[in-house]
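Good morning, and thank you for coming. I ask you to keep the sequence and the structure in view while I speak.

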Amino acid sequence: MGSEDKADVIQKAVYQSGPALDYYTENFGFEFEGMGLLGSFVVPEWTQLWCVYTADDDNTSWNVLGPNKTYQFLRALDIANGMNEKNQYMTELTATSLIFDENGKAIGVNAEYYDGTSYEIYGKTIILATGGFLGNEDMMKEYLGSTVCTIGDTVNDGTGIQMGISAGGATYMMGTLPMVHISQVPNLIRNDDLTADQKAILSALALTTDQTMVTTEGNLWGNTNQSGTEDEGITVEIVFAPEFRYYVVYSQEDIDAIRETGLSEAQANATSQFLGQGGTLPAAGTPVADIDTILTVGEEYGNVIKADSLSALAAAIGCDEQNLSTALNGVDTTYYAVSCNSYAYATVGGLDVDANMNVLREDGTAIENLFAVGQDSEGVCNVDGKAYTPWGGQAQSWTFVSGQIAGQQAAAVATAE
């Protein structure tokens, strides 16, 4: 991560990852299986990097990210519930704020059930596990400068982090860039305005690596990017782009060539992990007679900008015209800018915690009965302005490890009083 400030925490996150996973599988019924078709994004020899939650025989619905896994979490809660007659959990009950005593100590939470019923829940210890702030537009703009397309839960609205702050907790690395492994046009077309194959071509126009790319500021991107990092692949590199997106720019001449002589090799092999928009791409060199239809529909959905001049394109993008003119070598023609956007699973920055997952105050002292896990504290494993680990898995590992440690520590604090 480039820093030793949290070495003790990071060591636990790494070295307890395996034992924590064993703990959940052996005691709470979690099951996983290999995902051999998908290797590492950045280390090709890591061919067995990924796995998925095992499907249930009675609950086998699948989506692009694997089988329905909710039953595994509910089953784990049921197992935990049976360990002590006092144990109880309620799904669809949303904590809204902490309750404090007269000395400012957090002693419970205010919560609201899905049917509108309000609850006051008291306890000796509190664990914050609300999943970061991906769904909070104000927090996204405050800490990361922009919102982002999402493939994660937008109910993760920063409530846990805000509650921790209200208790005097400090934040840590809130500027760590969000979890992004997927790029695609910003507005997926889910109806029949384009055929499946036409959607695939539109996606390819956004995801190809052999075309001029410019940022929302009008500067060159891609292999000539300004992130200061080596090119790790488009799906990773895009997180460094301003506003987490860029435009792939085609001149009228480029489009005419696609119509007459087909896609290039790079375009014909450009696919999106998980968010493929439909069918089969034509082989390179196969004329695309309906390219104008594809671009027109793409424009209607806000995925394509068509402009009749450099100045009109700069105005539509909202960038500096001189920057754009430099990027496009001053050529004034009709342009088509296809938007390529990053899709985030979650945010990373969160509350500052120690190796026991206690939330820390600004002075570094621990709030002994308040803990934060998962995306509410994952910033301790990262650095502002840098990307979430490009090979993925850190979030799952941190969730397993931080959750186990926080549960054990919270129980110890509660039973010691």
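The charged end of K6 sits over the ring of Y172, at 5.1 Å from the centre of that ring. Please bear in mind that this comes from a predicted model.

How many aromatic pairs does the structure hold? There are 13. A pair of aromatic rings is described by two values, the distance of the centres and the angle of the planes. Take Y24 and F28 as an example: their centres are 6.4 Å apart and their planes are 45° apart, and the pair is tilted. These two residues are four apart in helix 2, residues 17–28, so about one helical turn separates them. Both Y24 and F28 are buried.

A further pair is formed by F32 and F400, with 6.3 Å from centre to centre and 85° between the planes, an edge-to-face arrangement. Are F32 and F400 buried or partly exposed? F32 has a relative accessibility of 28%, so it counts as partly exposed. F400 has 11%, and therefore counts as buried, since the limit for buried is under 20%. Ring pairs also join F32, F400, Y24 and F28 with Y23, F30, Y53 and F73 in a cluster.

Next, the nonpolar core. The largest one has 86 residues, and those that touch the most other members are L205, Y250, I258, I291 and W398. Helix 6, residues 196–207, gives the most to this core, namely seven residues. Which residues does L205 touch, leaving aside those up to four places away in sequence? They are V248, Y250, I258, L263, I291, L295 and V338. There is also a second, separate core of 15 residues, and among its members are V249, L313, I317 and A337.

Let us move to the strands. Strand 6, residues 106–113, and strand 7, residues 118–122, run antiparallel and are joined by five bridges. Within this pairing, G108 stands opposite Y122. The two strands form a hairpin, with four residues between them, and G116 in the turn has a positive phi of about 95°.

Strand 8, residues 126–128, contains I126. With a relative accessible area of 8%, I126 is buried. If residues up to four places away in sequence are not counted, I126 touches A106, I107, G108 and V109, as well as L98, N369, L370 and F371. By contrast, N269 is 143 residues from I126 in sequence, and their C-alpha atoms are 49 Å apart in space.

Finally, the cysteines. How many disulfides does the structure hold? The number is zero. For C340, the nearest cysteine sulfur is that of C149, at 9.7 Å. A disulfide requires two such sulfur atoms within 2.5 Å, and therefore C340 is in none. C340 is buried, with a relative accessible area of 0%. C381 is buried as well, with a value of 9%.

That concludes my presentation. Thank you for your attention.

Technical notes. Residues numbered from 1 in each chain as written. Predicted model: local features only at pLDDT ≥ 70, side-chain atom pairs only at ≥ 80, totals over all residues. Heavy atoms only, no water. Buried < 20%, exposed > 50% of the residue type's maximum accessible area, 1.4 Å probe, protein only. Pairing = 2+ DSSP bridges. Core = buried A, V, L, I, M, F, W, Y, C linked by side-chain atoms within 4.5 Å. Contact = heavy atoms within 4.5 Å. Phe/Tyr/Trp six-rings, centres within 6.5 Å; stacked < 30°, edge-to-face > 60°. Lys NZ or Arg CZ within 6 Å of the ring centre and 35° of its normal.
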